[in-house]
Amino acid sequence: MIQINPYNFVSLKQEGPDRKNKYQGQHKFHGAQYSGTLHCQLKAITPLISIDQRNFRLYQLKENDDATPLKIPYGSKKGQSYERIKCYKFLRDQHGVPILQGASLKGMVRSVYEAISNSCLCMAATEKNKGKNSYKFNDLGAYKNIECWKHNELCPACNLFGTVNENVHFQGRVFIKDAILSEGYLAPNPPLEIKTENTKPYKFLKELSGPKPRHHPTYGKNGQRGEDIAGRKFYYHHQNPKFNVTEQNSNDRSSAIDEIALPGCVFEFQIYVADLKSEELSTLLLAVELVEGMGHKIGLGKAIGLGSCQISINREKSAIYRPSDRYGSLANATVSDWYSLKADRSTLPADLIEVLRLNKDRNNVDITYPTNHNHYPKDPIDALGEFNGKATEGGKPDWAMEITVESPDEPPPVVKNDEEVAWLKVVYEKKLLFVTELGEERERPRHAFQGKNALLILGNWFILKGSNCVKPVK
């Protein structure tokens, strides 16, 4: 089993951000630019939670099912009782509906936009001189957010999303509303009734802690102390995250949750865009709706596998227009081909593809922090996140090689009772995706195809039997 660090970095380009972007202001619309609304759906791939930090309770950890307080097995408080840990509920709006905050969504999208557009590092710090967390990296140079302080010298992300620093305040042109739960439910179901602080939480989470920039083997470029910072930090996706522990394995630096959104939950939200240039809309569409096989992360517990999600844009509900068209005619002035502006995957940095791909932990890897947080490996991580690894390039998602949306013209053939018939929809490098006559999708490994590759014809009927056999219908 290969141990992978929970996060990796998207490297910074040597030339720095392009700061030839002039802040256009919001005093007027530019006729050939784009405004409107994007209707989006966020689907949870792993459990996720956006905690309500205003509404938590305290819980005293127990040694067993009785009321005996759990004793600290290590540290300066040895033999004493644990402090009570915080238990969080899911964030809700004024109507009691679970939500993901628009500010969190905007930060998530902006971080991807920054990586695609090679923008500044608006939240990075390179130096801390006090305490055990002291660290020092080289100055960020052109990537410092403070460099975005002139109205005609903004990086792409600050120009679009806005920026505030000690010198300036520029308002952005992208506004994201809260995402409201529209499908699925929170666990436990029915909801846990919280009566007293002694009610056991739904889940005890693995220990979470803040960033450790002092650990130069991961945060330093090439694992070196005192050099450049490694880049933009993103967390890997887990397929089946083991994010919780037993009460006895929890501790006073942990937290707990009373409810969580399960995989398959859908949250709906809107993005309002105002006066975007074509290249800005192009990159924004890609940053919001990543390509197949990649996903975003949101909420608490990214390092332990929580928060993986995918966003899709509902093109039928969305409406994009040009001011020159909208105010020049009484007819419907929406732009019909706006989605075609979306940038393709060739725009994505290779190391961003690696760290956001959803198939990361399929090949005998364990994505987790080292067992002893106080004694991190002294070896740097490679392009695949492995300590002391030798990889210089990351992996890629399972991208479709061929795809069709057309089902067969002929009706499904009659098959035996122990067989199932389906038509071939997508061919991947290592798997095939079929659709049954009932419209249900079935995956089969590519190597299971019993026949010649020439017979893998999209839109044709095939017989599926068991989990391996795939035969073309003769």
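Which residues in H4 are buried? They are Glu280, Leu281, Ser282, Thr283, Leu284, Leu285, Leu286, Ala287 and Val288, where buried means under 20% relative accessible area, exposed over 50% and partly exposed in between (1.4 Å probe, protein chains only). This is a predicted model, in which local features need pLDDT of at least 70, side-chain atom pairs count only at pLDDT 80 or more, and totals for chains, interfaces and linings use all residues. Residues are numbered from 1 along each chain as its sequence is written, and side-chain values use heavy atoms, with hydrogens and water left out.

**Chain**
- The chain has 6 helices and 28 strands; these are DSSP runs numbered from the N terminus, helices being H or I of at least four residues and strands E of at least two.
- Of the 474 residues in the chain, 47% are buried.

**Helix H4**
- Helix H4 spans residues 278–288 and is largely enclosed by the rest of the structure, because 9 of its 11 residues are buried.

**Nonpolar cores**
- A nonpolar core is a set of buried Ala, Val, Leu, Ile, Met, Phe, Trp, Tyr and Cys residues joined through side-chain atoms within 4.5 Å.
- The largest one has 78 residues, and Leu42, Phe267 and Leu352 have the most contacts inside it.
- Helix H1 (residues 102–117) gives the largest share of this core, 7 residues.
- Another core, of 15 residues, lies apart from it and includes Phe9 and Ile381.

**Alanine 319**
- Alanine 319 lies in strand S21 (residues 308–321) and is partly exposed, at 30% relative accessible area.
- Leaving out residues up to four places away in sequence, alanine 319 touches Ser35, Gly36, Thr37 and Thr334, a contact being heavy atoms within 4.5 Å.
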